[in-house]
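Hi there,

Here is the structure I promised to pass on to you. Have a look at it first, and then read on for what turned up.

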Amino acid sequence: MKYVKLFFRLLLGAFMIYAGTSHLTFNRQEFVAQVPTWLQFSPGFTDFVVLASGVVEIAFGISIIFLAAKKRAIAGALLALFYVVIFPGNINQYVNHIDAFGLNTDTLRLIRLFFQPVLVFIALWSTNGWKYWKLWAKGKLME
């Protein structure tokens, strides 16, 4: 099981680095579609959200690959939280029928919504981030 977790952690880390890099370069306009319409105050701010989230994704990818176990678990727990925070972007794309990333039908956009919980699970499981979510839920994280 140890090697399965390692495989998924490395895969997720590489995916995050790739996704973050694509935010900053070749998929920048596609990611604009992910910014919820209620958060698009101006084109400049929307672009900032895309760029900032790309930098954050790269940082998460590097963290879950290279950090020591305890810090990696914290990074995994935070990455899972990040997936929850950005979920409204996926909902926005579905509700507003926005084509991006080849998701050009409501069915494809709906299917994508079900992959976000999978990413949350992989982030928590592969990094042992569950520990920190459990501590937070019990109110013991700040002690």
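Phenylalanine 82 and tyrosine 83 are both buried in this predicted model. For phenylalanine 82 the relative accessible area is 13%, and since buried means under 20%, that value qualifies. The rings of phenylalanine 82 and tyrosine 83 also pair up: their centres are 6.4 Å apart and their planes meet at 50°, so this pair is tilted.

Now for the other aromatic rings. How many aromatic pairs does the structure hold? There are ten. One of them joins phenylalanine 60 and phenylalanine 82, a tilted pair with 5.6 Å from centre to centre and 50° between the planes. Phenylalanine 60 sits in helix H3 (residues 43–66) and phenylalanine 82 in helix H4 (residues 69–95), so their pair ties together parts that are 22 residues apart in sequence. Phenylalanine 60 counts as buried too, at 12% relative accessibility. Elsewhere, ring pairs connect Phe7, Phe8, Phe121, Trp125 and Trp130 into a cluster.

Enjoy exploring, and write back with any questions!

Best wishes

Key
Residues are numbered from 1 along each chain as its sequence is written. This is a predicted model: local features need pLDDT of at least 70, side-chain atom pairs count only at pLDDT 80 or more; totals for chains, interfaces and linings use all residues. Side-chain values use heavy atoms; hydrogens and water are left out. Rings of Phe, Tyr and Trp (its six-membered ring) pair if their centres lie within 6.5 Å; planes under 30 degrees apart count as stacked, over 60 as edge-to-face and the rest as tilted. Helices (H or I, at least four residues) and strands (E, at least two) are DSSP runs, numbered from the N terminus. Buried means under 20% relative accessible area, exposed over 50%, partly exposed in between (1.4 Å probe, protein chains only).
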